[in-house]
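Here is a short report on a single structure. It goes from the sheets to a pocket and then to single residues.

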Amino acid sequence: TYIYIDQQGSRPIFHNPDQLNASLQGFRKTLRDMGMSVNPHKVGKRVVLTGKNDAAEIDAAVLELQRQHNPVFILGIFYKKDTGIYNCVKQVCDVRCGIRNVNVLAEKLVSPSDQYNANVGLKINLKLGGANQALRAADLGIISEGKTMIVGIDVTHPSPGSTSSAPSVAGIVASVDSTLAQWPAEIRVQGARQEMVADLETLLVSRLLHWRNRNKTLPENILVYRDGVSEGQYNKVIDQELPLLQAACKKTYPVDQSKKGLPRLAIIVVGKRHNTRFYPTTEKDSNRDNPIPGTVVDRGVSEARNWDFFLQAHSALQGTARPAHYFTLWDEIFYPRHPATLGGPGAADVLQDLTHKMCYIFGRATKAVSVCPPAYYADLVCTRARCFLSDLFDPSSNDSGSDSSVTEGTANTSRIADVVIHPKIAETMFYI
């Protein structure tokens, strides 16, 4: 079904219900052309906002739709881009009701382009548990064996202008099988400006149990892409987060597997905020003034004593491409399988190739993305958590509680319930 959110006095975009139904039928046709089976929609609700008590009206409308139709999916149709309305719809659908939701602009729906509808369709398919693209098993290397779980972890902090009680939020995503199509997530609230994930043990245990439910066994390898760590904090990850990951494994794995040294762990930090750029030196190596997608630089400007590399996996649509910087902090997976003495591709080549190939299976895009999907998805999870806590992260300008000088660990974490996803959709890609 749908919820159409309009504003009192705004220019009408749909002039009558028939026009809206015709647009929704066209949208459904695009979804069917993409291979999704979509039933005719149930009668939705139009909410006219007056500027007074808007959140309560949206809340009531979604709850009424749930009572009438018990829908699996609600399409939100907005009269204009509005962060407050978006946050409100996400809060009620994701946390209170457990209904999958994607939002579109009314003006895009009334004069649709197939590309716009198809892009929205990519999100809907992922939320409903589908797969948008896949790689050949030969291109997935170690992952194609079905014994490797890939994990993405990120932490988001209060920005200047947030209230003094705004917390930091940690998000974790993990693959569930060898196709890397679905990445369910979990969110935790923690003290402000606390970069290390405090509840990492519980978060990883939850992902391992989900893997076991799906595959009947536990993964032999856990490959962690850790986003949002500055260079000065690499040692902190080893000292504080690695023991928590190992404790989670110890708690979950039976003794006979632990004695065999399972699971094997690898931790790679993904860096996006740096000033390193690369330029091609020959015409054949260039792609609109950038190096060709898949360019790896792992000598000359990388760390001499450590294992790191720069990877530009994408083709920049505009301007200079920014490569991602990958720094291997811990490895029990690649080097033991590919020691330098064997000949053939070494551990570094295998990891670089795998990371590059994964950039082609980010579910929301049809091209390669600049950062590997686990880190990208974890970032999206944290962004969604900010929507749930928008009153703390983006308070209105007249909020006297705003204070940009939040010190580490001072946040009030009483808002944990506000980021707990409804059980009905907790194991879906609700954040996409």
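## Ground rules

Helices (H or I, at least four residues) and strands (E, at least two) are DSSP runs, numbered from the N terminus. The model is predicted, so local features need pLDDT of at least 70 and side-chain atom pairs count only at pLDDT 80 or more, while totals for chains, interfaces and linings use all residues. Residues are numbered from 1 along each chain as its sequence is written, and side-chain values use heavy atoms, with hydrogens and water left out.

Two strands pair if DSSP finds at least two bridges between them. Strand β1 (residues 2-7) runs parallel to strand β3 (residues 73-78), and 4 bridges join them. Ile3 stands opposite Gly76 in β3.

Contact means heavy atoms within 4.5 Å. Axes are lines fitted to C-alpha atoms, for helices over the stretch in contact, and angles run from 0 to 180 degrees between N-to-C directions.

Another open sheet has 8 strands, ordered β7-β6-β5-β8-β9-β14-β13-β12, and its pairing is mixed. At the edges stand β7 (185-190) and β12 (295-297), each with a single partner strand, so one side of each lacks a neighbour in the sheet. The twist here averages 25° from one strand to the next. Strands of a sheet pair through backbone hydrogen bonds, either parallel or antiparallel.

Strands β5 (residues 148-156) and β6 (residues 168-174) pair in the antiparallel sense over 6 bridges. Asp154 stands opposite Gly171 in β6. Strand β13 is joined to β12 by 3 bridges, and the two run antiparallel. Thr295 faces Gln312 of β13 as its opposite residue. Strand β13 also runs antiparallel to β14, with 5 bridges between them. There, Trp307 has Thr328 in β14 as its bridge partner.

Buried means under 20% relative accessible area, exposed over 50%, and partly exposed in between (1.4 Å probe, protein chains only). In strand β13 (residues 307-312), 5 of the 6 residues are buried, so the strand is largely enclosed by the rest of the structure.

Helix α11 (residues 373-388) lies across β5, β6, β7, β8 and β9, at about 40° to β5.

## The largest pocket

On a 1 Å grid over the protein atoms alone, a pocket is an open set of points where a 1.4 Å probe fits, with protein on both sides within 12 Å along at least five of seven lines; lining residues have an atom within 4 Å of a point. Grid points are joined across faces, edges and corners, and a volume is the space filled by probe spheres set on the points. The largest pocket holds about 690 Å³ of space. Of its 27 lining residues, the closest to its centre are Tyr86, Lys90, Asn103, Lys123 and Arg364.

Helix α3 (83-97), strand β4 (100-105), helix α5 (114-127) and helix α11 each supply at least two residues of this lining.

## Residues to look up

Pro219 sits in the loop between α6 (200-215) and β8. Pro219 is buried, at 1% relative accessible area. Leaving aside neighbours within four places in sequence, Pro219 is in contact with Lys147, Met149, Leu208, Trp211, Tyr253 and Pro263. Pro263 itself lies in the loop between α8 (255-259) and β9. The peptide bond from Leu262 to Pro263 is cis, with omega near -5°.

Most residues other than glycine have a negative phi, and most peptide bonds are trans. Asn53 is not a glycine, yet has a positive phi of about 60°. Asn53 lies in the loop between β2 and α2 (54-69) and is exposed, at 59% relative accessibility.
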